[in-house]
Amino acid sequence: MRKRWGWLEILAVVAAILVALNFYMGLIYAPDPSNLQTEVTRKAQHIFYYHMGMNVMAGLGMFTNFLASILYLITRRRFWDAVARSAAEIGVVFGIGVLVSGSLWARPTWNTWWTWDPRLTTATITVLLYAAYLMLRNAVEDPERQARFAGVYGIFAFLSVPITFMSIRLWRTIHPTVFGGGNPAAKGAFALGPHIRAAMQFSSITFMIVFFVFLALRVRVALLEERVNALRHHVDTRLSQGAEAEPIRR
Amino acid sequence: MIFLTAALIAIWLLTFAYLLYILQRIHSLEQEIRSLEVLLEETRQASQG
């Protein structure tokens with residue numbers, strides 16, 4: 001029998017179409033910013049549409065982790081812990097994407113791969129905090145304690161996200177401020193013309209939908225892992241107690 | 001242009017590698033569940049027979 005298409009399959013197809021269109025929007029539709037001095041910096045500026053997309057995904061991952069951590073601590077439902085764990089992993093993977101794509105933009109624009117600018121430093125700390133979240137979870141064996149500990153950690157780790165967002169507004173930095181006012185010290189800043197703005201909005205929506213596809217898939221992995229653990233436990237119990245264990249709950 | 005190309009390759013390599021990892025993990029976990037269910041059924045039948 002043919003498998004029916006669910007909402008996830010439909011969302012995945014929509015995401016794939018938007019990703020393809022996003023190439024056109026970011027590379028052809030969006031013009032080279034006229035204020036940038038050299039050809040190489042004008043071309044490198046197009047990285048911004050994907051750098052910001054990665055940022056949307058990482059930020060949504062961390063925000064979802066924050067919300068799911070609160071929901072887990074209130075309800076103690078394992079589902080929210082699975083969501084929190086999945087979202088944190090997505091946050092780390094695409095947080096690394098943000099740092100890598102930013103570094104590739106910085107080389108032609110700032111003439112360096114990396115500098116300890118406030119934005120870059122806070123962004124790196126944020127990614128490391130969530131990487132530590134994933135590693136520290138494994139240090140606690142009891143699943144309930146692990147989820148409780150992770151829930152509290154997730155709430156505090158999220159503090160680094162608004163600090164990273166505000167870092168270019170609070171401290172002296174060379175990172176461009178795209179939203180909410182200019183930064184006179186910024187190097188590589190560009191004006192948001194109508195085409196650049198449209199491409200940026202399109203990119204944000206595309207990566208938002210890609211995020212939800214990834215989150216749904218990753219939560220599925222987390223729930224399947226829990227099912228495997230439960231089945232293993234039942235098999236072990238049956239084998240060790242002479243097949244007297246209670247029937248498995250689905 | 002070289003930096004733009006490098007960034008696009010890095011971003012989409014990361015994205016697709018992560019997607020493939022998740023899909024592969026779903027596939028292997030589903031297989032493991034099927035095997036464990038068969039094993040559980042066999043132990044149940046063995047205890048009855």
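The term partly exposed covers the counts between two limits, since a residue is buried if 20 or more other C-beta atoms lie within 10 Å of its own and exposed if 12 or fewer do, with C-beta atoms placed from the backbone. This is a predicted model, in which local features need pLDDT of at least 70 and side-chain atom pairs count only at pLDDT 80 or more, while totals for chains, interfaces and linings use all residues. Residues are numbered from 1 along each chain as its sequence is written, and chains are lettered from A and ligands numbered from 1 in the order in which they are written.

Lys187(A) has its place in the loop between α7 (160-170) and α8 of chain A, where helices (H or I, at least four residues) and strands (E, at least two) are DSSP runs numbered from the N terminus. Leaving aside neighbours within four places in sequence, Lys187(A) is in contact with Thr109(A), Trp110(A) and Ile174(A), two residues being in contact if their C-beta atoms, placed from the backbone, lie within 7 Å. Trp110(A) is 77 residues away from Lys187(A) along the chain, yet the C-alpha atoms of the two are separated by 6.8 Å.

## The two chains

Chain A holds 8 helices and 0 strands, and its C-alpha atoms fill a box of roughly 75 × 45 × 30 Å along the principal axes. Of the 250 residues in chain A, 37% are buried. Where contacts in chain A join residues at least 6 apart in sequence, 72% of them link residues at least 24 apart.

Chain B has 1 helix and 0 strands, and its C-alpha trace spans about 70 × 5 × 5 Å along its principal axes. Buried residues account for 12% of the 49 residues in chain B.

## Two helix pairs

The table sets out two packed pairs; axes are lines fitted to C-alpha atoms, for helices over the stretch in contact, and angles run from 0 to 180 degrees between N-to-C directions.

| Helix pair | Angle | Axes |
|---|---|---|
| α8(A) and α1(B) | about 25° | 9 Å apart |
| α3(A) and α6(A) | roughly 135° | within 8 Å |

Angles under 35 degrees count as roughly parallel, over 145 as roughly antiparallel, 65 to 115 as roughly perpendicular and the rest as oblique. The crossing of α8(A) and α1(B) is left-handed, a word used if the near helix is turned anticlockwise from the far one by less than a right angle, with right-handed used if clockwise. The contact of α8(A) with α1(B) has 14 nonpolar, 2 polar and 10 charged residues.

The helices α3(A) and α6(A) are oblique to each other, and their crossing is left-handed. From α3(A) the contact draws on Asn65(A), Phe66(A), Ser69(A), Ile70(A), Tyr72(A) and Leu73(A), and from α6(A) on Ala147(A), Gly151(A), Gly154(A) and Ile155(A). By class, these residues comprise 6 nonpolar, 4 polar and no charged.

## The nonpolar core

A nonpolar core is a set of buried Ala, Val, Leu, Ile, Met, Phe, Trp, Tyr and Cys residues joined through C-beta atoms within 7 Å. The largest one has 54 residues, among which Ile47(A) and Met57(A) touch the most other members. Elements that each supply at least two residues of this core are α1 (7-29), α3 (48-75), α4 (78-110), α5 (118-137), α6 (143-157) and α8 of chain A, together with α1 of chain B. The largest share, 14 residues, comes from α4(A).

Not counting residues up to four places away in sequence, Ile47(A) touches Ser101(A), Leu104(A) and Trp105(A), and also Phe3(B), Leu4(B) and Ala7(B). In α1(A), the buried residues are Ala12(A), Ala15(A), Asn22(A) and Gly26(A), and they pack against α3 and α8 of chain A.

## Two loop residues

Arg76(A), in the loop between α3 and α4 of chain A, has a positive phi of about 60° although it is not a glycine. Asn111(A), in the loop between α4 and α5 of chain A, likewise has a positive phi, near 65°. Arg76(A) is partly exposed, with 13 other C-beta atoms within 10 Å, whereas Asn111(A) is exposed, with 9.

Terms used: Ala, Val, Leu, Ile, Met, Phe, Trp, Tyr, Cys and Pro count as nonpolar, Asp, Glu, Lys and Arg as charged, and the others, Gly among them, as polar.
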